Amino acid sequence: MRTSVRAGAAVAGLALAVGALTAAPAGAAAAAAPAGADLPYARSTGVGVHNAYEKTKYTYLADALDSGAALLELDVWTNFFGSSWRVSHSNPIGNDNNCENAATAAQLRTRPRNQNLAGCLSDLRAWHDAHPGHRPIVIKMELKDGFASNLGRGPAQLDALITGKLGDAVYRPGQLAAGHPTLDAAVQARGWPARSALAGKFVFELIPGTVEQGNPSDTLWTDREYAQYLRDLAAAGRLGEAAVFPSVLGAAAGDPRTRYADASIRPWFVLFDGDANAYVTQGIDTAWYDQRHYLLITTSANGVAPAIDGTNPTEAQARDRLALLAARHASIITADWYPLPSVLSTVVPRG
């Protein structure tokens, strides 16, 4: 795909929109309207933070939530010798994160960190209760080593944990599909709700993990396992129990869902997630996602040529990259730009 003229026009044409739709600074009154509240969710582009649970980025998960970011990522482990759902980057048997298992907003930033996934979800709830009508936030979960249903950590147990901790703060697949047989049928018929309708909601995205993908004995990856689970819940009239949207991982031309030999699970994917540079440089028709109201999450946004700093670009560089990828139909771009809350809280029109 040709990028230079189109990208330059996008940067210029979106400059005013960026300024107009920038959210209030972190810590602003809860009553302030979320950034871009008048846009349909699938017609907007926001900025997320890779591995937002890391203490080197945010002292507490509450700080990440205060950042204004459109997406926060958690790495979750299920197998090996640890118990429960563990949150860390590289420790499969323990927790290494900024979650503190706060029961109330008053406890945020006061408790010991390194909690399990339940503790991270408790922090989300405590922060949510203190910020009614907050911006919609995608919680991206990479299941590093996949589900472990034999250990009581399968799709149903994940749903139960999320529901038990967050309840009505979650926007669910059943709500999106309401009145339609599949998620695909729903979004193509009516799209996603407006951002204003999703105010005060978390949207959970699920991708297969790096360890799972490198495990030759794992023949049922997270994406396929959860999509099968959604399909079967719907067939049983129980789709309302689901709390998570599985994502197709990896940039690819055409319809990436054709990789799934079982065609019956393909309509249960309406989120797609892959490397930003691949979407820009490999001739992929990203308008295809936008036209069908799918959410497209583009990672390592800093890596698109010309590459910019992955942590500390200038604000102008980060905003230009947002404009470029919004013009390429990204729904959310991600990087490690945690030092730039004014960029993280920016929402621009998509496409």
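In this predicted model, buried residues make up 54% of the 351 residues in the protein chain. Taken along the principal axes, the box filled by the C-alpha atoms is roughly 55 × 50 × 40 Å, and the accessible surface comes to about 13000 Å², with 55% of it belonging to carbon and sulfur atoms. The protein chain holds 12 helices and 10 strands, and of its contacts with a separation of 6 or more, 69% are between residues 24 or more positions apart.

A search of the whole structure finds 15 aromatic pairs. One of them is formed by Y171 and F245, whose rings are stacked, at 6.5 Å centre to centre and with 15° between the planes. Y171 belongs to the loop between α4 (155-166) and α5 (173-177), whereas F245 belongs to strand β6 (residues 244-249), so this pair ties together parts that are 74 residues apart in sequence. Both partners, Y171 and F245, are buried.

**Strand β6 and its neighbours**

The strand that carries F245 can now be followed through its pairing. Strand β6 is largely enclosed by the rest of the structure, because 5 of its 6 residues are buried. It pairs with strand β5 (residues 202-208) in the parallel sense, and strand β7 (residues 271-275) is likewise a parallel partner of β6. The table sets out the two pairings.

| Strand paired with β6 | Sense | Bridges |
|---|---|---|
| β5 (residues 202-208) | parallel | 3 bridges |
| β7 (residues 271-275) | parallel | 3 bridges |

Which residue stands opposite P246 in β6? That residue is L206. With strand β7, L249 has D273 as its bridge partner. In a regular strand the side chains alternate between the two faces of the sheet.

Taken together, β6 pairs with β5, pairs with β7, and contributes F245 to the stacked contact with Y171.

Terms used. Residues are numbered from 1 along each chain as its sequence is written. This is a predicted model: local features need pLDDT of at least 70, side-chain atom pairs count only at pLDDT 80 or more; totals for chains, interfaces and linings use all residues. Side-chain values use heavy atoms; hydrogens and water are left out. Rings of Phe, Tyr and Trp (its six-membered ring) pair if their centres lie within 6.5 Å; planes under 30 degrees apart count as stacked, over 60 as edge-to-face and the rest as tilted. Helices (H or I, at least four residues) and strands (E, at least two) are DSSP runs, numbered from the N terminus. Buried means under 20% relative accessible area, exposed over 50%, partly exposed in between (1.4 Å probe, protein chains only). Two strands pair if DSSP finds at least two bridges between them. Contact means heavy atoms within 4.5 Å. Accessible areas come from the Shrake-Rupley method with a 1.4 Å probe; for residues, only the protein chains shown count as cover.
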